[in-house]
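Biologist: I would like to learn how to read a model feature by feature. Please take me through one.

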Amino acid sequence: MKGKDMKKGIVLTIFLLLGLFLGSVLGEIAANVPSLSFLTWGKSIGIDPAATLDLSVFTLTIGMTLKMNLATVLSLVLSLFLYAKIGRNL
C-alpha cells in the first residue's frame, strides 16, 4: 500500500509542476494578445533582492520569488481536476 501512495504523490507532483509550467507559458503568450491580457494579472512574492551573506572566505546568497498570475492559477486548478480524474485509477 505504501508504494501505491508514493506513486500517487509523484504523479500529483508531476501534474502540479506541469500546471505551473503551462500557466507560465500561457501567461507569457497572453501578454502579447490584448484581449487576453487579463490573464497576466498577478503578484510576485518572495525575497527580492536576494539576501547575501559575505564572510570573506565564501559568499552565500539566498533568494526565492514566486510569480503567480491568473493563467497559472487556472492551469493549477485544471491540473488538480485532471489528477482527480486520472489519480483514482492509479
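Predicted model: local features only at pLDDT ≥ 70, side-chain atom pairs only at ≥ 80, totals over all residues.

Biologist: How do I read a helix, and what span should α2 have?

Modeller: Start with the assignment. Helices (H or I, at least four residues) and strands (E, at least two) are DSSP runs, numbered from the N terminus. The expected span of a helix is 1.5 Å times one less than its number of residues. Helix α2 covers residues 70-87, which is 18 residues. It should span 26 Å, and its end C-alpha atoms are 25 Å apart, which agrees.

Biologist: What about α1, and how far does it reach?

Modeller: Helix α1 has 29 residues. From first C-alpha to last it reaches 42 Å, close to the 42 Å expected.

Biologist: Now burial. Which residues of α2 are buried?

Modeller: Cut-offs come before names. Buried means under 20% relative accessible area, exposed over 50%, and partly exposed in between (1.4 Å probe, protein chains only). In α2 the buried residues are Ala-71, Thr-72, Ser-75, Leu-76, Ser-79, Tyr-83 and Gly-87. They cover an arc of only 130° around the axis, so they sit on the same side of α2. That arc is taken from the directions from the helix axis to the C-beta atoms.

Biologist: What covers that side of α2?

Modeller: The cover over its buried residues includes α1 (2-30) and β4 (65-69). Now turn to α1. Its buried residues are Val-11, Phe-15, Gly-19, Gly-23, Gly-27 and Ala-30. Their cover includes β4 and α2.

Biologist: Show me single residues. Is Ser-75 buried or exposed?

Modeller: Ser-75 lies in α2 and is buried, at a relative accessible area of 6%. Contact means heavy atoms within 4.5 Å. Not counting residues up to four places away in sequence, Ser-75 touches Gly-19, Leu-22 and Gly-23. Thr-72, also in α2, is buried at 2%. Leaving aside neighbours within four places, Thr-72 is in contact with Leu-20, Gly-23 and Ser-24. For contrast, take Ala-84 in α2. Ala-84 is partly exposed, at 44%.

Biologist: How does α2 begin, and which residue caps its N-terminal end?

Modeller: Look for polar contacts. A polar contact is a pair of N or O atoms within 3.5 Å; within protein, one must be able to donate a hydrogen and the other to accept it, and residues adjacent in sequence count only if both atoms are side-chain atoms. Asn-69 is the cap. A side-chain oxygen of Asn-69 lies 3.2 Å from the backbone nitrogen of Ala-71. The side chains of Asn-69 and Thr-72 also make a polar contact, at 2.7 Å.

Biologist: How do I describe an aromatic pair, and how many are there?

Modeller: Two values describe a pair of aromatic rings: the distance of the centres and the angle of the planes. Rings of Phe, Tyr and Trp (its six-membered ring) pair if their centres lie within 6.5 Å; planes under 30 degrees apart count as stacked, over 60 as edge-to-face and the rest as tilted. By this rule the count is one. The rings of Phe-15 and Tyr-83 have centres 5.9 Å apart and planes at 65°, so the pair is edge-to-face. Phe-15 lies in α1 and Tyr-83 in α2, so the pair ties together parts 68 residues apart in sequence.

Biologist: What else does Phe-15 touch?

Modeller: Not counting residues up to four places away, Phe-15 touches Ser-79, Leu-82, Tyr-83 and Ile-86. Phe-15 counts as buried, at 18% relative accessibility.

Biologist: Last, the strands. How do β2 and β3 run?

Modeller: Two strands pair if DSSP finds at least two bridges between them. Here four bridges join β2 (residues 51-54) to β3 (residues 59-62), and the strands run antiparallel. Leu-53 stands opposite Leu-60 in β3. The two strands form a hairpin with four residues between them.

Biologist: Which residue in the turn has a positive phi?

Modeller: Ser-56, at about 70°, although it is not a glycine. Ser-56 is exposed, with a relative accessible area of 74%.

Terms used. Residues numbered from 1 in each chain as written. Heavy atoms only, no water.
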